[in-house]
Amino acid sequence: MTWQDWAALGGGVGGVFTAMAAIVAAWQLWHMHKQGMTSFEDALVREYRELASTLPLPALLGEPISDELHREKLDEFYRYFDLCNSQVFLHDQGRISDETWAFWEQGIRTNLKRPAFARAWSEIAGRANGDFAELRRVCPPAPTTPPEVSA
């Protein structure tokens, strides 16, 4: 073999190694992106768990709550709806994976069917002047009847 043959062979081998390096680099980038998304989703799960710990247990169990407890916990319900709205937005922006979103969306829909959540969502959505557009799209609030004013 001549040195030109060896050079051609070396160039071919070098091309193969370059292609393999590019594949490994692409895989590493994909893996880092996936890992970053998972870490981000985990942070939102922690936020949800902290917030859920402030909500009344009967509400989480699907039981109605008293008017007094409803008024007392309305701020926490507001923060829950704000988190849900952010989750919808972040999924729309590609920051939340479809697999995670399917699970979260089911949880949001389930919670908003529970009496205390439905009541709070209806009240807050009625008073929020059009805020929570993303959450409204996923779970439209039930119409509210304005409170009666005594004469």
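A search of the whole structure turns up 0 disulfides, a disulfide being a pair of cysteine sulfur atoms within 2.5 Å. The model is a predicted one, where local features need pLDDT of at least 70 and side-chain atom pairs count only at pLDDT 80 or more, while totals for chains, interfaces and linings use all residues. Residues are numbered from 1 along each chain as its sequence is written, and side-chain values use heavy atoms, with hydrogens and water left out.

For C84, the closest cysteine sulfur sits in C139 at 8.0 Å, which is too far for a bond. C139 likewise is in no disulfide, its nearest cysteine sulfur being that of C84. C84 has 1% relative accessibility and so counts as buried; C139, at 8%, counts as buried too. Buried here means under 20% relative accessible area, exposed over 50%, and partly exposed in between (1.4 Å probe, protein chains only).

Turning to the helices, α3 (residues 67-92) and α5 (residues 115-127) have axes that come within 9 Å and cross at roughly 70°. Helices are DSSP runs (H or I, at least four residues), numbered from the N terminus, and axes are lines fitted to C-alpha atoms over the stretch in contact, with angles from 0 to 180 degrees between N-to-C directions. The pair is therefore roughly perpendicular, a label for angles of 65 to 115 degrees.

On the α3 side of the contact (heavy atoms within 4.5 Å) are D67, H70, L74, F77, Y78, Y80 and F81, which meet α5 residues including F117, W121 and I124. The contact residues split into 10 nonpolar, 1 polar and 4 charged, with Ala, Val, Leu, Ile, Met, Phe, Trp, Tyr, Cys and Pro taken as nonpolar, Asp, Glu, Lys and Arg as charged, and the others, Gly among them, as polar.

Key. Helices (H or I, at least four residues) and strands (E, at least two) are DSSP runs, numbered from the N terminus. Angles under 35 degrees count as roughly parallel, over 145 as roughly antiparallel, 65 to 115 as roughly perpendicular and the rest as oblique.
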